[in-house]
Every structure is written in C-alpha cells, then in structure tokens.
Amino acid sequence: MFGNIVMKTLGAVLLTVMLAGNALAAEHTVRIKGMKFQPANLSVAAGDTVTFINNDNAPHTATAKDGSFSTPRLGKGNSAKIKISKSGAFDYFCAVHPRMKGKIVSN
Ligand SMILES: [Cu+2]
C-alpha cells in the first residue's frame with residue numbers, strides 16, 4: 001500500500017520533470033542577411049531549435065561542419081528549423097558560399 005503510493009508519487013514527479021524539460025526547450029532565430037548569419041554566434045541548450053531565415057536574394061544553407069545538421073537550400077524569404085539535440089560547439093557554413101560562417105554553442 002505504502003509502496004504503491006511512493007511509486008505513484010515518483011511517477012508523477014518524473015512526468016513533471018519530463019514535461020518541464022520539454023517546456024524549457026527554447027526557439028532561436030538566425031537571420032541570413034547581407035551574406036552573413038545574424039547572430040553569427042549563438043548559445044543554446046541541448047534540445048533547443050534554431051530557425052534560419054534567408055532575407056537575402058541569394059540562396060543559402062546553414063550546414064554543420066560535422067554533418068550534425070543542415071538546412072535545405074533556402075531561397076529568398078524561406079526558412080528552415082533545425083534541432084540541436086546534443087551539447088557541443090557546432091561550426092557551420094553556407095554550402096553555396098562556404099566563406100559564410102557561423103557557430104552554435106550548445107550546453
Ligand atoms: Cu550562402
């Protein structure tokens with residue numbers, strides 16, 4: 001009986017922690033304008049999402065150097081959302097213009 005109550009309480013606590021963790025995932029935005037990622041350096045937490053919006057006439061991508069993420073080729077006004085699921089430092093570039101660079105640091 002007592003053990004059952006403890007298990008139920010533990011279950012409720014775990015569920016609350018899981019829901020809270022989910023609710024804390026933040027959404028970030030990086031604009032691509034003037035052949036630059038803005039901001040070029042972004043700090044996120046693991047589980048957060050980043051939306052890249054292309055405001056240039058030229059097409060761009062945001063492609064991680066280590067292959068962990070890439071947007072499709074984005075035309076003017078198009079956007080794509082990626083998820084940073086693990087912690088680490090992710091250098092990325094534009095596959096169309098490799099000199100365009102940015103960095104996401106995930107904690
Ligand atoms: Cu580009």
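How many bridges join S4 to S6, and do these strands run parallel or antiparallel? In this predicted model, strands S4 and S6 run antiparallel and are joined by five bridges. Within S6, Lys83 is the residue that stands opposite Thr49. Both strands belong to an open sheet of four strands, in which the order is S2-S1-S4-S6 and the pairing is mixed. Because S2 (36-38) and S6 stand at the edges and each has a single partner strand, one side of each is left without a neighbour in the sheet. On average, and with direction ignored, neighbouring strands of this sheet are turned by 25 degrees against each other.

The largest nonpolar core contains 19 residues, and those with the most contacts inside it are Phe37, Val50, Phe52, Phe69, Ile84, Tyr92 and Ile104. At least two residues of this core are supplied by each of the strands S1 (27-33), S3 (41-44), S4, S6 (79-83) and S7. When residues up to four places away in sequence are not counted, Phe69 touches Ala62, Thr63, Ala64, Ile82, Ile84, Phe90, Tyr92 and Ile104.

A copper ion is also present in the model, coordinated at 1.9 to 2.1 Å by ND1 of His60, SG of Cys94 and ND1 of His97. The spacing of these donor residues in sequence is H-x33-C-x2-H. His60 lies in the loop between S4 (49-54) and S5 (63-64), whereas Cys94 lies in the loop between S7 (88-93) and S8 (101-106), and this pair, 34 residues apart, links distant parts of the chain. Both His60 and Cys94 are buried.

Methods: Residues are numbered from 1 along each chain as its sequence is written. This is a predicted model: local features need pLDDT of at least 70, side-chain atom pairs count only at pLDDT 80 or more; totals for chains, interfaces and linings use all residues. Side-chain values use heavy atoms; hydrogens and water are left out. Donors are N, O and S atoms within 2.8 Å of the metal (3.2 Å for Na, K and Ca); water is not among the atoms, so sites may look incomplete. Buried means under 20% relative accessible area, exposed over 50%, partly exposed in between (1.4 Å probe, protein chains only). A nonpolar core is a set of buried Ala, Val, Leu, Ile, Met, Phe, Trp, Tyr and Cys residues joined through side-chain atoms within 4.5 Å. Contact means heavy atoms within 4.5 Å. Two strands pair if DSSP finds at least two bridges between them. Axes are lines fitted to C-alpha atoms, for helices over the stretch in contact, and angles run from 0 to 180 degrees between N-to-C directions.
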